[in-house]
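Subject: Structure handover

Hello,

Here is the structure I promised. My notes follow below it.

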Amino acid sequence: MTASVSRLGAAMRAGGARVGVGEVLAAHRALAAVDAAREDEARDALRAVLCSRHDDLAVFDEAWRATFAGAARGDVLEELGAASLALPRVGDPDAGPEQGAVPSEPSPVPAAYSAVELLRDRDVAELTDAERAVVIAALRRLALRGPWRRSRRMVAAPRRGAGGRPDVRGTLRAAVRSGGEPLDRRWRTPGVVQRPLVLVCDVSGSMAPYARMLLALAHAAVASRRRVEAFALGTRLTRLTPLLRERDPDRAMARATEAIEDFSGGTRIGAAMAELTRRHGGRVGRGAVVVVLSDGWDRGEPELLASEMARLRRAAQRVIWLNPLIAAPGYEPLARGMAAALPYTDRFLPGHSLRSLEELVTLLDEGLEDRRA
């Protein structure tokens, strides 16, 4: 039986059908679920699991004739009927232990394998290139989410209980259909729009593995959302937004890395924040959510960093600081730069793993539970 099903699958592959090991194993299970001694049931069961497209039906018919053309009808049925002995049906009381009978109380097993789940709590700096690619793919899906705010523009509300106001103009327009009687009352409520998001990545030597992860998140956010700005922070500030608009992620990351002249160098966070607030203040805009990824090691003066962080905090809606060192046991923000910036930070979170960035995205989503698309 195993050889016959394998020959049938090989014949279908020769005809252009997509039949692999998974389909062959499914064919064995399908024969065990029907009366394989009946040709019509065996043929229908095999066709159901081996054909994934409409064009595969004709390929299956040709492969069936080619595989069993030289065998007598009784031999074919006897050979296919052996599937009932090799793979008994689930719950068959007559199946013995030697035939693989299913126990009365089966033990649960995991439904599927998830590489993302295994890597969710791993430090990004410890991942291999293949594992980092899995994490970056998950980050691109997270980038579709982000902060929102209420707009001054009013939109139609589904009902009065949704916090809406009476829409007199809409109600009068609807009354035309009912002879001037305002039977269908309309309501309006403030709409929601995307809040500006600013991502600032420290690209110094100690932050390089984490910076690549947040830059991948920034690329996906720039490509999928409006009003997203991305900057690289080192000895100077580099605006990456135009480079990250490239749809190809590999080309975008290559262009961004090439544009950062001080990649894996030192950091002057205070001077970079001064350039962010004074030179790019119009792009950042008031009411933005600013996310800074840095370990706080600064070669500049802490007084400059404190004054520029205070200036940024007055303009921003929230300032979120991600520091991978938080995950280390017993960590305290004793670095001069981190101690100077911390009083002007709304949230101080780790940014060392996929789970920590998932928590960041969840935090960005907070505040508008009744958001409408």
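Arg-122 is partly exposed, with a relative accessibility of 30%. (Buried means under 20% relative accessible area, exposed over 50%, and partly exposed in between, with a 1.4 Å probe and protein chains only.) Arg-122 forms a salt bridge with Glu-131, and the closest N and O atoms are 3.3 Å apart. (A salt bridge is a side-chain nitrogen of Lys or Arg within 4 Å of a carboxyl oxygen of Asp or Glu.) Glu-131 is also partly exposed, at 22%.

This is a predicted model: local features need pLDDT of at least 70, side-chain atom pairs count only at pLDDT 80 or more, and totals for chains, interfaces and linings use all residues. Residues are numbered from 1 along each chain as its sequence is written, and side-chain values use heavy atoms, without hydrogens and water.

The structure holds 16 salt bridges. One of them joins Glu-308 to Arg-278, with closest N and O atoms 3.0 Å apart. That pair links distant parts of the chain: Glu-308 sits in helix α15 (residues 302-315) and Arg-278 in helix α13 (residues 269-278), 30 residues apart. (Helices, H or I of at least four residues, and strands, E of at least two, are DSSP runs numbered from the N terminus.) Glu-308 is buried at 3%, whereas Arg-278 is exposed at 53%.

Now the cysteines. The structure holds 0 disulfides. (A disulfide is a pair of cysteine sulfur atoms within 2.5 Å.) Cys-51 is buried at 14% relative accessibility. Cys-201 is buried at 0%.

Best wishes
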